[in-house]
Amino acid sequence: MMKSMSNLVVVIDMVKGFSEEGALASDHVKSIIEPIRTYLEHHPGDIVFVSDAHDEDSSEFHDFPVHCIKGTREAEVVDRIQLFAHTCFQKNSVNAFQSESFRTYLVEKLHDYEKISIIGCCTDICILNFALALKSYVTEQNLVKEIAVLQDLVETFDGPDHDRVEASESAFHILRTNGIKIE
């Protein structure tokens, strides 16, 4: 009997530091918490969380304000979806695929999945970087996997020199151009 393939959902950066408090907290990111909760409640496959948890001297702070320091409230998964966070990894960059522990886990389990769906924040930064790295990896390995970003379950922020609508539209265009489905 052939093993049934499943779908994996990767939840990126749904932490308090992007939705509730801190220099990068955004009401736009906060607005997707309940839709993500509803989606995860009905998702029949595996769920993995990957979240910012920076060292105090993270080089990322040369490009972004200080945020999500390891061991602080900002680095905690938001309460409303915490109950789904059974498998969690931390990252110290804008690309979850660069988290060695997560990459090792994912590469070992990738054969179990036919589809990987990506949700969370920020659409044009961490979602974009991870989706592109994952797509490149599966292509390099000659694997056939559907990679999708769920458009209604990702969000980004508004800020100086960062228009969230423009940033999201640009990210979706780049993702589509690279063979990643936008659902």
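Predicted model: local features only at pLDDT ≥ 70, side-chain atom pairs only at ≥ 80, totals over all residues.

Q: What makes the radius of gyration of the protein agree with that of a compact globule?
A: For 183 residues a compact globule would have a radius of gyration near 16 Å, and the protein has 16 Å, so the two agree.

Q: Why is Lys16 called buried, and why is Glu76 called partly exposed?
A: Buried means under 20% relative accessible area, and Lys16, with a relative accessible area of 2%, therefore counts as buried. Glu76 has 34%, which lies between the 20% and 50% cut-offs, so Glu76 is partly exposed.

Q: How do you know that Glu76 forms a salt bridge with Lys16?
A: The closest N and O atoms of the pair are 2.7 Å apart, and because a salt bridge requires a side-chain nitrogen of Lys or Arg within 4 Å of a carboxyl oxygen of Asp or Glu, the pair qualifies.

Q: Why is the contact between Glu34 and Arg80 called a salt bridge, and what does the pair tie together?
A: Its closest N and O atoms are 2.6 Å apart, which is within the 4 Å cut-off, so the term applies. Glu34 lies in helix H3 (residues 33-42) and Arg80 in the loop between S2 and S3, so the pair ties together parts that are 46 residues apart in sequence.

Q: What makes Asp52 and Lys91 a salt bridge, and which network includes them?
A: With the closest N and O atoms 2.5 Å apart, the pair falls within 4 Å and therefore counts as a salt bridge. Salt bridges that share partners join Asp13, Asp52 and Lys91 into one network.

How values were computed
Residues numbered from 1 in each chain as written. Heavy atoms only, no water. Rg over C-alpha atoms; globule rule 2.2 N^0.38 Å. Buried < 20%, exposed > 50% of the residue type's maximum accessible area, 1.4 Å probe, protein only. Helix = DSSP H or I, 4+ residues; strand = E, 2+ residues; numbered from the N terminus.
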